[in-house]
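Hi everyone, thanks for coming.

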Amino acid sequence: LLRAELHPSLWAQPSLTRETLDRVSPDHAVMLGNLGSHGALLNSEALRAWGVAETVVDPPGGAYGRRGGVLDGRIYENALWMHARRAATRVPDEHYRDALRNFSAQAASLGITSVQTMPLAGAERIQALIDGVGLPIRWRVMDFHFAGEPIRAGRGPVKIILDGTPFV
């Protein structure tokens, strides 16, 4: 999956659709996210890879963009995050360890001493990886819950997404 982030002025362009991405990359999955991470635009191949059918129903707290009843490739809030979570849980631990080491080294080189994250791969999983790596910065791991999910009792902070953001 090729992923890039779009500036808000580009994200708002009505001409930017699934078909636009299909013309540019018909054989490779492409996802363009917005800077707030509350929405994305996927081409047809990315929708197929994530198992999103034309008949998909909007989940609580999320939506699939449509024009004339047909998916336009835009995906918002919980509709995006539930697929991203599924993909994140399939990533091997070693990939996350490398990413944690690389990010931490770069952050420390810039004088950053503390970061926080709401990992889609799971707070407990990522915290265990952080604890096992011995990083040069402090990580605050927050549990991330979708609308309609029961809140699990656990340690540390919890972020509950109730209504999204105006920045989509």
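Let's begin with the largest nonpolar core, which has 17 residues. Those with the most contacts inside this core are Leu42, Trp50, Val52, Tyr64, Ile75 and Leu80. A nonpolar core here is a set of buried Ala, Val, Leu, Ile, Met, Phe, Trp, Tyr and Cys residues joined through side-chain atoms within 4.5 Å. Buried means under 20% relative accessible area, exposed over 50%, and partly exposed in between, with a 1.4 Å probe and protein chains only.

Who supplies this core? At least two residues each come from strand S3 (39-42), helix H3 (44-49), strand S5 (70-76) and H4. H4 gives the largest share, four residues. Helices (H or I, at least four residues) and strands (E, at least two) are DSSP runs, numbered from the N terminus.

A word on the source: this is a predicted model, where local features need pLDDT of at least 70 and side-chain atom pairs count only at pLDDT 80 or more, while totals for chains, interfaces and linings use all residues. Residues are numbered from 1 along each chain as its sequence is written, and side-chain values use heavy atoms, with hydrogens and water left out.

Back to Leu42. Leaving aside neighbours within four places in sequence, Leu42 is in contact (heavy atoms within 4.5 Å) with Arg18, Leu21, Val30, Met31, Leu47, Trp50, Gly73 and Ile75.

Now please look at helix H5, residues 93-109. Which residues of H5 are buried? They are Tyr96, Leu100, Ser104 and Ala107. Seen down the axis of H5, these buried residues fall within an arc of 65 degrees, taken from the directions from the helix axis to the C-beta atoms, so they line one face of the helix. Just after H5, Gly111 takes a positive phi of about 85 degrees.

H5 also gives the most to the lining of the largest pocket, with five residues. H4, H5 and strand S6 (114-117) each supply at least two residues of that lining.

Terms used
Expected span 1.5 Å × (residues − 1).
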